[in-house]
Structure formats: C-alpha cells, structure tokens
Amino acid sequence: MKRAAVVLLVVMLFAYGLVYFHRVMTGIMKEEIEGFAEYYKVDPEYLLAFFPSAYFYAYALSQLFMGSLVDTYGVKRVGALMMGLMGLSTALMMLPSPAALMLGRTLVGVSAAVVFVGTQRVASLYFASSSQAIITSLLLMTGNISGLLATYPLRVFLSYYGLAGLFTILAALALTIMVLVYLLAWDVGTRKKGLGLREVWGKLVHLSREKHAWATALGAVASYGTGTAFQAAWGQDLMSRVFGYDKFTVSILLMYLALSFVLSAPLVGVLSDRVMGRRKPVLIASNAVSTLSWALIIASVPTHSSPLLLAGLVLLGVSMGLHIVAPPMAKEPYGIDYSATATSFFNLVLFTGIAVLQSTEPFVGPLANSALSLTVSLLGLVLVVAWTRETLRS
C-alpha cells in the first residue's frame with residue numbers, strides 16, 4: 001500500500017506541475033494576449049487582466065463543490081474526470097474564436113481545482129501527520145519548477161512554435177494524466193462509510209464560521225496570493241511599463257521569483273514537520289517577509305532601482321515558499337474524511353483573492369496594485385497572529 005501511495009503521489013505531483021504551468025504561463029504572454037486583442041478588436045488592457053484571471057475565478061468558485069465531490073466520490077473518479085476535462089478545454093483554446101479562448105481558459109480553471117484538493121486527500125489518507133508540510137512543499141516545489149519553465153523557456157518556445165504547439169502539448173499531458181489517475185488511484189470516497197454529499201457539504205458550511213479557517217486562508221492570500229497575482233498577470237506590466245524591460249528580461253526576472261520559491265519550499269517543509277514541529281510561526285514569517293518584499297518593490301519604482309526590485313522579487317518568492325504550512329493548517333483540525341473539503345474552503349478564499357488582485361490592475365495601475373498587495377500582506381499578518389492556532393500538535 002505504501003509503495004502504491006507513493007506512485008500515486010508522484011502522478012499527482014506531475015498533475016500539479018501541469019496545473020501550475022497553466023496558472024502562471026500567462027505571466028509572460030503580454031505580446032500574444034495583445035495580439036489576440038488586436039485580432040478580436042477588444043481592449044488589450046482588459047484582456048490582459050481577464051484572460052489570466054478567468055482561470056482563477058473559475059478555480060475559486062469550483063472549490064464550492066470540488067472538495068465535497070472528492071471527499072464523497074474519491075480521487076479515482078473525480079480526478080480522472082477533471083483531468084479529461086482539462087485536456088479537452090486546452091484543445092478548445094486553439095479554436096479561432098474569442099468565446100472559445102475564454103471558455104477554454106475558464107474550464108481549465110474548473111478542472112485544475114481537483115489536483116491540489118485531491119493530493120491533500122491522498123496525503124491525509126496514506127501519509128503521517130509529520131509528513132504533511134513536506135508533501136505540500138514537494139507539491140508546490142514541483143509547481144514552481146513548472147513555473148520556471150513558464151518563464152524564459154516558454155518565451156523561447158513560443159517564439160518558435162506559437163500557442164498552437166503549446167496547447168497541443170498541454171492537452172496531451174492532461175489526457176495522459178487522466179488515464180494514470182484512473183488506473184492508479186483506489187480512493188472511492190466517504191460514501192463507503194455512509195457519508196454522503198449532504199454531510200460533506202455541511203462540513204464546508206461549518207468551516208465558513210471558523211475564524212481559524214478564514215485567517216489561515218487570508219494569510220495565504222497575503223503571501224502566496226499577492227505573489228501569484230504578480231507572477232501570473234500584472235507583474236509583466238509593472239516591469240515593462242515602469243522599468244522599460246523587454247519581454248525576455250521580464251521572463252528572466254519572473255524566473256528568479258519562481259526559483260526562490262522552489263529553493264525555499266522544501267526546506268520549510270522539513271523545518272515545520274521535523275525540526276520545529278510547529279506551523280503557526282512559519283506562517284507568521286511568511287506574511288512578514290511578504291510585507292517586506294512589497295515595501296522593497298514599491299521603493300524600487302521612483303528610483304527605477306533594479307537591485308531593489310530584484311531583492312523584492314526574491315523575498316516575495318521566499319514568502320511564497322514559507323506559506324506552504326498554510327494548506328496543512330487549513331485541513332489538520334477537521335479530520336481525514338473532510339481533508340479535501342477543508343482544502344477547498346482554503347482555496348476558495350485564496351484564489352478569489354488572487355483573481356481580484358489580478359483584475360484590479362487595469363483600473364488602478366501597477367504601482368497602486370503594489371500598494372494594495374502591501375496592505376493585504378499587513379492585514380494577513382495581523383489575522384494570522386490573532387486568529388490562527390497551532391495545528392500540528394492539536
């Protein structure tokens with residue numbers, strides 16, 4: 001059983017890598033998105049905001065049902081179904097139609113929601129509590145290795161093969177993972193225990209009244225959320241319009257952000273699970289570092305200081321790495337049977353926050369969006385200190 005669980009976990013890691021690539025690939029697609037806007041005769045500023053954020057709004061809203069479905073019917077059925085939908089939705093974006101482009105991006109967001117909650121359920125069912133942050137760190141490290149590929153390497157790939165080549169590869173990968181999940185996963189959910197969708201849904205309603213659940217999720221918005229919104233959408237606008245960097249330089253700077261996340265996440269997982277045996281101090285540190293990073297990014301603007309900007313981006317990646325204790329904190333107090341549901345509530349708050357932070361930039365500009373991110377980081381820090389509780393020993 002243990003070996004089979006490890007194999008399934010590896011497949012879920014690859015699935016999350018694919019999901020994360022979809023999530024952040026738009027961060028260096030300014031040229032392609034502006035080309036779409038010109039072709040479809042729409043305002044490029046709005047398409048730059050709403051094409052990337054369509055994924056995040058869909059991802060957030062699907063959390064209302066995805067965790068409950070996974071807990072009730074299991075990773076095997078729900079996971080395979082959603083990965084199949086992702087493959088078809090990616091192919092849909094290749095059709096020469098603005099409706100197909102937006103619908104495909106939206107459905108990718110819906111289907112992608114299954115991977116993180118499904119992996120958290122697999123982790124809770126088959127691995128010890130002292131491994132939960134490590135597994136989450138591996139998950140997010142894999143995602144950000146994929147995120148690294150979605151920076152300069154993707155920029156080079158698009159120059160040669162274009163979006164059609166990219167979408168073909170992504171669709172094929174999703175359909176391959178669909179088959180592997182169906183063949184390897186054996187979790188069929190809580191229905192075998194007599195717990196139906198109504199009981200699982202009731203747990204989601206209960207979570208909405210928990211201060212700890214809200215503070216943990218908002219703490220993640222403050223670090224991971226602000227960083228991902230920057231990475232996947234409006235950061236390219238700040239660096240190109242304010243600093244005058246070309247598209248290749250922007251992709252390299254975003255690669256530094258992703259790299260600092262990749263390097264810090266596994267260290268944080270081991271530190272929380274095996275060295276400190278605690279979660280809350282790490283999440284507090286995540287929000288504190290995020291606050292400092294946004295202060296540096298804002299300070300870099302009036303002087304056009306590249307060293308300050310780079311320091312802010314590196315620290316932003318570190319704060320995202322530190323946040324990896326938040327998903328275990330979100331599910332640990334509520335039991336194994338409801339692990340996907342608790343993760344869904346966490347993701348509902350987190351990805352709604354990301355979508356909003358992406359969508360505001362066309363209306364307020366990149367500097368005001370940086371100030372908004374700083375404010376969110378400070379608010380998250382206060383809520384984490386005041387409302388969250390230690391969960392590893394609870």
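Visitor: What makes up the lining of the second largest cavity, by residue class?

Guide: This is a predicted model. In it, the lining divides into nine nonpolar residues, two polar and one charged.

Visitor: Which residues line the second largest cavity?

Guide: The lining consists of Tyr16, Arg23, Tyr59, Phe116, Leu140, Tyr224, His323, Pro327, Phe346, Asn347, Leu350 and Phe351. Arg counts as charged, and Tyr, Phe, Leu and Pro count as nonpolar.

Visitor: Which helix gives the largest share of that lining?

Guide: Helix α13 does, with four residues. Both α1 (2-24) and α13 (339-359) supply at least two residues each.

Visitor: What makes this space a cavity, and what is its volume?

Guide: A 1.4 Å probe fits in a cavity but cannot get out. The volume here is about 60 Å³. The structure holds four cavities of 30 Å³ or more.

Visitor: Now the surface. Which residues form the nonpolar patch?

Guide: Val7, Val179, Leu180, Tyr182, Leu183 and Leu184 form it. Together they have about 510 Å² of accessible area.

Visitor: Where does the largest share of the patch come from?

Guide: Helix α6 (residues 152-184) contributes five residues. Leu180 lies in that helix.

Visitor: Why is Leu180 called partly exposed?

Guide: Its relative accessibility is 34%. Buried means under 20%, and exposed means over 50%. The value falls in between, so Leu180 counts as partly exposed.

Note on methods. Residues are numbered from 1 along each chain as its sequence is written. This is a predicted model: local features need pLDDT of at least 70, side-chain atom pairs count only at pLDDT 80 or more; totals for chains, interfaces and linings use all residues. Side-chain values use heavy atoms; hydrogens and water are left out. Patches are made of residues with over 30% relative accessible area and no salt bridge: like charges are joined within 9 Å, nonpolar side chains (Val, Leu, Ile, Met, Phe, Trp, Tyr) within 5 Å. Accessible areas come from the Shrake-Rupley method with a 1.4 Å probe; for residues, only the protein chains shown count as cover. A salt bridge is a side-chain nitrogen of Lys or Arg within 4 Å of a carboxyl oxygen of Asp or Glu. Buried means under 20% relative accessible area, exposed over 50%, partly exposed in between (1.4 Å probe, protein chains only). On a 1 Å grid over the protein atoms alone, a cavity is a set of points where a 1.4 Å probe fits but cannot get out, and a pocket is an open set with protein on both sides within 12 Å along at least five of seven lines; lining residues have an atom within 4 Å of a point. Grid points are joined across faces, edges and corners, and a volume is the space filled by probe spheres set on the points.
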